[in-house]
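Please walk me through this structure, one region at a time.

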Amino acid sequence: MLKSIDINGLAVVDQLTLELGGGMTALTGETGAGKSILLTAMKLCLGERADAGLLRPGVQKADITLDFSIDSSGPAKNWLQENDLDDENECLIQRSVNADGRSRASINGTAVNLKTLQQLSEHLICIYGQHAHLDLLLPAKQGQLLDASLPSTQDLLSCRARYECWKALNDELLSLTNGNENNDSEKQLLKYQIDEIELADILQLNYDELVQEHANASNMRKIIEIAETQINTLYEDESHAIHTQLSRASHELELLTALSPAFLTISEQIKGASIQIQEACIDLRRQVDQQDDDPQRLAVLDRQLGVVHELARKLHIDPQQLNDKYNELVERLNALEKRNERLAGIQQEIKDAQKRYEEDAKTLHQLRVKTASELSKSITKILTTLGLPDGRMDIQVNYCSEDKPQRNGLDSIAFLVTTNPGMPASPIGKVASGGELSRISLAIQVVATQSNVVPTLVFDEVDAGIGGGVAETVGMSLRGIASDRQVLCVTHLPQVAAQGHQHLFVSKNKDHEQTKIQIDLLDAQHRVKEIARMLGGLEMSDKTIAHAQEMVEKAI
């Protein structure tokens with residue numbers, strides 16, 4: 001479960017450390033008090049993309065830390081071990097967001113990317129948002145909800161694997177034909193391009209070395225001229241060369257050293273300099289004598305560079321890529337030459353792959369039909385407790401055999417509902433009002449949690465649009481879910497908040513012209529006052545307080 005949340009420099013949070021317990025924890029506070037910032041912090045630590053706009057004004061970095069205690073034999077523990085991120089039964093997730101938009105994340109001290117965070121989060125926490133009822137209108141979301149309730153994902157994963165195999169073969173077929181049945185024109189172009197490269201006789205050349213040699217040949221006359229001048233200046237001009245003058249100075253310093261040993265070091269330095277100049281000039285002469293100002297060689301290099309650049313321009317590549325492009329053209333031509341043979345084989349492979357896919361799709365369809373029936377009954381049962389006594393859910397799964405293979409099978413999934421007796425079930429968006437849609441969504445979430453093994457569940461105002469006795473039922477349902485896991489519930493309903501094992505109150509205050517939020521764990525007395533405030537507003541009568549006291553005691 002989630003043991004603690006630590007937030008620094010995020011939005012209206014300056015510094016906040018929140019300790020959490022098991023069971024159901026209710027989070028309440030005035031609208032705009034900052035309850036949602038806790039969920040924002042959680043989502044950042046669980047892999048959501050960061051936005052520098054979330055930082056508190058004036059800070060350069062925001063830091064968020066989630067500290068989880070994990071089951072020694074649970075899925076999260078196994079995942080951490082498989083990814084070499086295990087640290088006994090602890091899981092510490094940290095995320096930093098800089099003012100320039102960059103961010104860093106780590107798990108148990110090891111740096112990770114966002115995808116890794118998202119993979120781990122699936123085993124730690126599940127967040128049900130306040131707009132889940134709007135997602136429910138989307139066919140894709142309905143399919144995801146049904147698949148999440150399957151007793152096993154084996155058939156779904158098998159169907160996806162069959163689809164990927166079928167798709168790979170079709171992609172290869174498309175590549176072989178380039179979308180056409182006849183590739184004669186493409187083969188002619190390939191042969192022309194290959195012949196042109198081979199006739200140019202430049203494949204054995206290294207482009208970078210060719211450029212360097214051309215640069216040397218272009219400047220050869222200047223290179224030889226400068227080198228000859230320096231050789232004369234340094235060594236070969238017997239009268240005025242620097243080496244000649246140093247040799248004379250070295251001889252005089254040797255005489256000086258004989259008179260006074262104090263000059264020995266200086267004498268040796270000058271003598272060494274003379275020897276180094278002599279050796280350098282000998283090497284320079286040898287190098288210059290090897291140079292050849294050859295206009296014919298320069299013309300050859302000009303032609304080779306021109307051919308390389310022209311071929312690169314025609315093929316729309318960089319000159320350095322010419323050899324790789326040649327190999328690519330040859331490989332493509334060879335594939336097309338063997339095209340007829342491969343086409344005959346791949347057509348049959350596609351038929352076999354589609355047949356295997358359809359077998360798995362039918363198996364998946366049967367499992368979905370069975371699961372849909374059970375899920376419909378469970379949701380209908382919950383609906384009757386949420387103020388919809390005549391509500392009925394009917395999840396239809398239709399097999400579309402004429403469709404092309406799809407990644408998630410060939411089923412069309414639709415959530416149908418009726419809220420009035422004698423009326424046929426219709427798509428949710430057409431028959432359910434806003435309040436009814438919220439209740440239907442909540443019923444689905446309650447049922448979904450029964451098959452969800454994630455240890456921490458977060459409900460963000462999922463009770464919007466309900467009240468009265470229905471709200472109390474929702475609170476009791478959430479408390480029931482919390483019997484074997486951790487539940488965090490952001491709510492504005494006193495009936496729901498009263499069911500919590502713990503109660504956190506979120507408030508906002510100003511400090512030196514800056515807004516900060518504060519979260520307090522309420523004791524029994526202050527909890528009753530908060531429930532009373534939620535019931536009756538700012539002015540709380542004795543009856544309101546007594547009612548709040550009764551609600552809390554009844555939940556216990």
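Tyr163, Trp166 and Tyr357 form one aromatic cluster. The model is a predicted one. It holds two aromatic pairs. Tyrosine 163 has a relative accessibility of 14%, so it counts as buried. Tyrosine 357 is buried too, with a relative accessible area of 0%.

S9 pairs with strand S10 (residues 411–418) over eight bridges, in the antiparallel sense.

Now step back to the domains. The domain assignment of the protein gives domain 1 as 2–124 + 454–522 and domain 2 as 155–434. The C-alpha centres of domain 1 and domain 2 lie 42 Å apart.

Another open sheet has six strands. Their order is S2-S1-S4-S5-S6-S7, and the pairing is antiparallel. Which strands stand at its edges? They are strand S2 (13–19) and strand S7 (110–112). Each has a single partner strand, so one side of each is left without a neighbour in the sheet. On average, neighbouring strands here are turned by 15° against each other, direction ignored. S5 and strand S6 (residues 103–107) pair over five bridges in the antiparallel sense. Glutamine 94 stands opposite serine 106 in S6.

Two helices meet this sheet. Helix H1 (residues 35–45) packs on it, touching strand S1 (2–10), S2, strand S4 (61–69) and S5. The direction of H1 makes about 100° with that of S1. Helix H3 (residues 114–121) lies across S5, S6 and S7. H3 runs at about 140° to S5.

Next comes a set of parallel pairings around S12. Strand S8 (residues 125–128) and S12 pair in the parallel sense over four bridges. There, cysteine 126 stands opposite leucine 457 in S12. S12 also pairs with strand S13 (residues 486–490), again in the parallel sense, over five bridges. Leucine 457 stands opposite valine 487 in S13. How many of the residues of S12 are buried? Five of its five residues are buried, and the strand (residues 456–460) is mostly covered. Both faces are covered: Thr456, Val458 and Asp460 lie on one side, Leu457 and Phe459 on the other.

Two loop residues deserve a look at the backbone. Glutamate 88 has a phi near 55°, a positive value in a residue other than glycine. Its place is in the loop between helix H2 (75–82) and strand S5 (90–98). Glutamate 88 is exposed, with a relative accessible area of 63%. Aspartate 201 is not a glycine either, yet its phi is positive, at about 55°. Aspartate 201 sits in the loop between helix H7 (184–200) and helix H8 (207–218).

The last stop is a helix pair. Helix H19 (residues 524–536) and helix H20 (residues 542–555) pack at an angle of about 115°, with their axes 8 Å apart. The crossing is right-handed. On H19, the contact is made by Arg527, Val528, Ile531, Ala532, Leu535 and Gly536. On H20, it is made by Thr544, Ile545, His547, Ala548, Gln549, Met551 and Val552.

Key: Residues are numbered from 1 along each chain as its sequence is written. This is a predicted model: local features need pLDDT of at least 70, side-chain atom pairs count only at pLDDT 80 or more; totals for chains, interfaces and linings use all residues. Side-chain values use heavy atoms; hydrogens and water are left out. Buried means under 20% relative accessible area, exposed over 50%, partly exposed in between (1.4 Å probe, protein chains only). Two strands pair if DSSP finds at least two bridges between them. Domain bounds come from an automatic or database domain assignment. Rings of Phe, Tyr and Trp (its six-membered ring) pair if their centres lie within 6.5 Å; planes under 30 degrees apart count as stacked, over 60 as edge-to-face and the rest as tilted. Axes are lines fitted to C-alpha atoms, for helices over the stretch in contact, and angles run from 0 to 180 degrees between N-to-C directions. A crossing is left-handed if the near helix is turned anticlockwise from the far one by less than a right angle, and right-handed if clockwise. Contact means heavy atoms within 4.5 Å.
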